[in-house]
Amino acid sequence: MASQQPSLAILVREPDGFTVWPGPPYPPGSSPPQRLPKTACSATSFSRDGSRLLATVASASATVYDCSSLSVIRSFDLPGLTAAALSPTGSYLQTFQKSSSPQVKNVTVWHVDTATALYQHYQKNLSKANWPMVQFSADESVACRMATNEMQFFDTNDFTKGIVYKVRLPGIAAMQLASAPGSHVAGFVPEAKGVPASVQIFSCDKDAQNQVVARRSFFRCSTVQFHWNKGSTGLLIVSQADVDKTNQSYYGETKLHYLTTDRAFEGIVPLKKEGPVHDVQWSSSGSEFAVVYGFIVIAGFGNLPGDMAFWDYSEKKLIQKAKAEWSVISEWSPDGRHFMTATTAPRLQIDNRIKIFDHTGSLQFIKEFEKLYQVDWKPESPERFGDIAELTISLNGIKIEETKKQGQGSKSAQTSGKAPVNVATKPAGAYRPPQSKHTAALQDKLFGGLAPTGGEMSKTALRNKKRREKQKEKKAGEGSSADDS
């Protein structure tokens, strides 16, 4: 007998606090019920497995909730609290507090159920690159931290032992523990004094410590992003340089590299054209990954129009296109049946809202906020949900609406019976980056020929085109003069 599928839940945080909604669908014309009365906080986050929820009040406290009942498990009074994070299953709480001197240990690993401080050390600075400072595998059987010139490992059954073994890596600036399983760890050493930057993978087995499993070196790299797959057999690395020496990108230079723990592949990922790497995502199986790269991004959020295309990946069919203008964040629900977008502060201070679409791209729900800070699906393992049989919809059965005139809302937003709030859609002019000469072709590939081509070139784009043509003619003339002489 199949086990019951878990229920969905959504965390919503506003200026006066956070609450938790049950997942969709919602009754037409009504707001979702609150599973938890709105509670004051300055930050919230789920444990990776979705079993526990952390809410903090800056410089004051941290409270851990059980996500099944939303009852308080434990509350910690923490003067000077700056940051806090739950371990993957919520067994441990890691906190960073302001410290007046190195003699005061300000990083603490707590056992949540007993409120016992298991491990403490002093850390001068806090940054996104080094927080959380103690990293855990998904099952919390492995825990480690980065220190000067080395990676240090703990016994998670007894943190009071302190550091039980170390992996030496002189000059290490970043590390990432593989999650599922916690069998390997990657360390990054930046470029220095003519020596190229490098990423090295080590086994987490105590008996195999300091033995390099895989290695990749590269120049023009100041920082990296690590992306381990499920199974911990492959590591994608986005290398980044602050300056692009080819002058093709204002935002610097990025490259995508791939390493496997069996050394079957160690090299750069071949991409069809040059351009920055924007995002990398592994599939839930860990056997495939997707890359968003290049100088043109057709579907954009933030200040861009927010065009979206919904595809049936297994059938390679376009299902529907939709729009979520001004969106700051977007996220699929754990069951793959809903897609949520949100406009949040402080990125955008007006028109804050949540939109929820179904997996076919149809708008199901929209809610407006005076100010919205955060919205997240409660994490769940995708394997706990069944397949979506109705995803295999034939493209021929889909009727695509004509483009609306500026000032009019989309038909889906106007006719959806599940949208409790009528929202007037603001006219959103398409943003065209300087390198947009291939936009039409890319739109045709991404949207299956159903996206608008964008019409005529703007005046600025036309001026730029004429200037480039004149520069080419000038260079050609100079070349001819040199040949004649």
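# Close-up views of a predicted model

**View 1. The stacked pair of tryptophan 21 and phenylalanine 369.** The structure holds 21 aromatic pairs. One of them is formed by tryptophan 21 and phenylalanine 369, whose rings are stacked at 6.4 Å centre to centre, with 15° between the planes. Because tryptophan 21 belongs to strand β2 (residues 17-22) and phenylalanine 369 to strand β30 (residues 363-369), the pair ties together parts that are 348 residues apart in sequence. Tryptophan 21 counts as buried at 3% relative accessibility, and phenylalanine 369 likewise counts as buried, at 9% relative accessibility. The ring of phenylalanine 369 also has the charged end of lysine 367 sitting over it, 5.5 Å from the ring centre.

**View 2. The edge-to-face pair of phenylalanine 96 and tryptophan 131.** Phenylalanine 96 and tryptophan 131 form an aromatic pair that is edge-to-face, with 6.4 Å centre to centre and 85° between the planes. The pair links distant parts of the chain, since phenylalanine 96 lies in strand β8 (residues 92-97) and tryptophan 131 in the loop between β10 (116-121) and β11 (134-136), 35 residues apart. Phenylalanine 96 is buried at 6% relative accessibility, and tryptophan 131 is buried as well, with a relative accessible area of 17%.

View 3. Ring pairs link Tyr92, Tyr119, Phe136, Phe154 and Phe159 into a cluster. Threonine 156 is located in the loop between β13 (150-154) and β14 (163-168), where at 10% relative accessibility it counts as buried. When neighbours within four places in sequence are left aside, the contacts of threonine 156 are Tyr92, Glu140, Ser141, Val142 and Ala143. A polar atom of the threonine 156 side chain lies 3.2 Å from the backbone oxygen of glutamate 140.

View 4. Strand β28 (residues 338-343) is largely enclosed by the rest of the structure, because six of its six residues are buried. In a regular strand the side chains alternate between the two faces of the sheet. In β28 both faces are covered, with His338, Met340 and Ala342 buried on one side and Phe339, Thr341 and Thr343 buried on the other. Four bridges join β28 to β27 in an antiparallel arrangement, and within this pairing threonine 341 of β28 is the bridge partner of serine 330. The two strands β27 and β28 form a hairpin with five residues between them, and glycine 336 in the turn has a positive phi of about 75°. β28 also pairs in the antiparallel sense with strand β29 (residues 352-358), over six bridges, and there the bridge partner of alanine 342 is isoleucine 354 in β29.

View 5. Tryptophan 326, found in the loop between β26 and β27, has a positive phi of about 70° although it is not a glycine. Serine 327 lies in the loop between β26 (317-323) and β27 (329-332) and counts as buried at 2% relative accessibility. The side chain of serine 327 reaches the backbone oxygen of alanine 324 at 2.7 Å. Serine 327 and asparagine 352 are separated by 25 residues in sequence and by 8.7 Å in space, taken from C-alpha to C-alpha. Aspartate 351, in the loop between β28 and β29, has a positive phi of about 55° although it is not a glycine, and at 23% relative accessibility it counts as partly exposed.

**View 6. Confidence along the chain.** The protein chain averages a pLDDT of 82, and 78% of the residues score at least 70. Over residues 391-458, pLDDT stays under 50, and for these residues the model has 99 contacts beyond four places in sequence. Where pLDDT is low, the predicted coordinates should not be read in detail.

Terms used:
Residues numbered from 1 in each chain as written. Predicted model: local features only at pLDDT ≥ 70, side-chain atom pairs only at ≥ 80, totals over all residues. Heavy atoms only, no water. Phe/Tyr/Trp six-rings, centres within 6.5 Å; stacked < 30°, edge-to-face > 60°. Buried < 20%, exposed > 50% of the residue type's maximum accessible area, 1.4 Å probe, protein only. Lys NZ or Arg CZ within 6 Å of the ring centre and 35° of its normal. Polar contact = N/O pair within 3.5 Å; in protein donor to acceptor, adjacent residues only side chain to side chain. pLDDT = per-residue confidence, 0-100. Contact = heavy atoms within 4.5 Å. Pairing = 2+ DSSP bridges.
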